[in-house]
Structures are given as C-alpha cells and as structure tokens.
Amino acid sequence: MDSCVFCKIVRGEIPSEKIYEDADVFAFHDIHPAAPIHFMLIPKLHIGSLDEVEDKHRSLLGEMMVLIPRLAREQGCTDGFRTIINTGRVGGQEVHHLHIHIVGGSERLPAMIHHPR
Ligand code: AMP
C-alpha cells in the first residue's frame with residue numbers, strides 16, 4: 001500500500017526504531033509510548049486490520065504470536081506484558097495496517113477499559 005504509514009516504515013521510507021525484522025514481520029518502538037516499554041509487531045504484508053484477516057493468514061499470525069514473548073523479553077518485559085490490537089472505529093484503530101501493541105515495564109499496568117456503569 002503506497003500511502004500506508006506502516007508499509008512505508010517496512011520499506012524504510014519513514015524512519016523507525018526497529019527492534020526486529022524477518023521475511024514476514026517487522027517490529028519497532030511506538031513513537032508515542034504509552035508505557036516504559038511499548039513496541040509494535042506488524043506483518044510486512046498489508047492487512048488493514050484484524051477484521052480483514054483471512055484463513056490464508058493463519059501461519060503468519062501464528063508466527064507473530066510465537067515471536068511476541070521472545071521480543072517482549074528482549075525488550076525488558078521480565079514479569080509480563082500486555083498485547084493490544086485495536087480494530088476499526090469502535091476499537092479506536094488509528095493506523096490501518098494490522099499491528100499488535102506490546103506494552104510493559106516494571107509497574108502493573110492500569111485496567112484496560114474504563115466503562116462508566
Ligand atoms: P492504533 O490506535 O492501535 O492504530 O495505534 C497506532 C499507533 O501507531 C499509535 O500508538 C501511534 O503512536 C503509533 N505510530 C503512528 N505513527 C508511527 C510511527 N511513524 N512510528 C512509530 N509509531 C507510530
């Protein structure tokens with residue numbers, strides 16, 4: 001996708017703080033970290049969101065899930081972390097290229113969703 005920010009990061013057209021890359025995936029620090037450790041794992045293939053995932057992406061997604069704990073450990077998540085995939089309007093997705101946020105640090109993270117009762 002020519003205009004997609006994360007595709008541009010994969011192609012090196014926009015700078016990023018890369019932490020990992022292989023033939024299928026790319027990981028980099030979030031530009032606006034929400035916690036002391038906050039990076040993103042994305043497929044190189046442009047998939048707009050989790051809503052656009054198909055059966056053919058099964059092994060790619062599996063690869064990503066298996067990679068997450070290794071990258072999280074390498075980044076300093078020694079006692080857990082949180083993974084977030086914002087999807088679509090309701091999910092508050094801002095960048096329309098599937099991405100998994102990996103968030104952590106030394107302190108326990110706050111509750112994920114605050115819904116007024
Ligand atoms: P989401 O709301 O799940 O779509 O999150 C998009 C995330 O991408 C946000 O946390 C942004 O801070 C992050 N982001 C946007 N542009 C860049 C960039 N050029 N480099 C690194 N992170 C970015």
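Ser 106 is found in the segment after S5, where strands (E, at least two residues) and helices (H or I, at least four) are DSSP runs numbered from the N terminus. With a relative accessible area of 71%, Ser 106 is exposed; exposed means over 50% relative accessible area, buried under 20% and partly exposed in between, with a 1.4 Å probe and protein chains only. Although Ser 106 and Ala 35 are 71 residues apart in sequence, their C-alpha atoms are 9.5 Å apart in space.

The model is predicted: local features need pLDDT of at least 70 and side-chain atom pairs count only at pLDDT 80 or more, while totals for chains, interfaces and linings use all residues. Residues are numbered from 1 along each chain as its sequence is written, and side-chain values use heavy atoms, with hydrogens and water left out.

**Overall form**

- Three helices and five strands make up the elements of the protein chain, and their order from the N terminus is α-β-β-β-α-β-α-β.
- Along the principal axes, the C-alpha atoms fill a box of roughly 40 × 35 × 25 Å.
- Of the 117 residues in the protein chain, 33% are buried.
- Among contacts (heavy atoms within 4.5 Å) with a separation of 6 or more, 52% are between residues 24 or more positions apart.

- Five of the five residues of S5 are buried.
- In a regular strand, side chains alternate between the two faces of the sheet.
- On one side of S5 lie Ile 100, Ile 102 and Gly 104, and on the other His 101 and Val 103, all of them buried.
- S3 and S5 run antiparallel and are joined by five bridges; strands pair if DSSP finds at least two bridges between them.
- S4 also runs antiparallel to S5, with three bridges.
- Val 103 in S5 stands opposite His 38 and also opposite Arg 82.

**Pockets**

- A pocket is an open set of points on a 1 Å grid over the protein atoms alone, where a 1.4 Å probe fits, with protein on both sides within 12 Å along at least five of seven lines; lining residues have an atom within 4 Å of a point.
- The largest pocket holds about 670 Å³ of space, a volume being the space filled by probe spheres set on the points.
- Of its 30 lining residues, Asp 30, His 32, His 38, Met 40 and His 101 are the closest to the centre of the largest pocket.
- Helix H1 gives the most to this lining, with three residues.
- The lining of the largest pocket comprises 17 nonpolar, nine polar and four charged residues; Ala, Val, Leu, Ile, Met, Phe, Trp, Tyr, Cys and Pro count as nonpolar, Asp, Glu, Lys and Arg as charged, and the others, Gly among them, as polar.
- The second largest pocket has a volume of about 180 Å³, and its 13 lining residues include Asp 79, Gly 80, Glu 107, Arg 108 and Leu 109, which lie nearest its centre.
- Three nonpolar, six polar and four charged residues line the second largest pocket.

**A buried loop residue**

- His 57 lies in the loop between S3 and helix H2 (58–75).
- His 57 counts as buried because its relative accessibility is 6%.
- Leaving aside residues up to four places away in sequence, His 57 touches Leu 45, Ile 47 and Glu 52.
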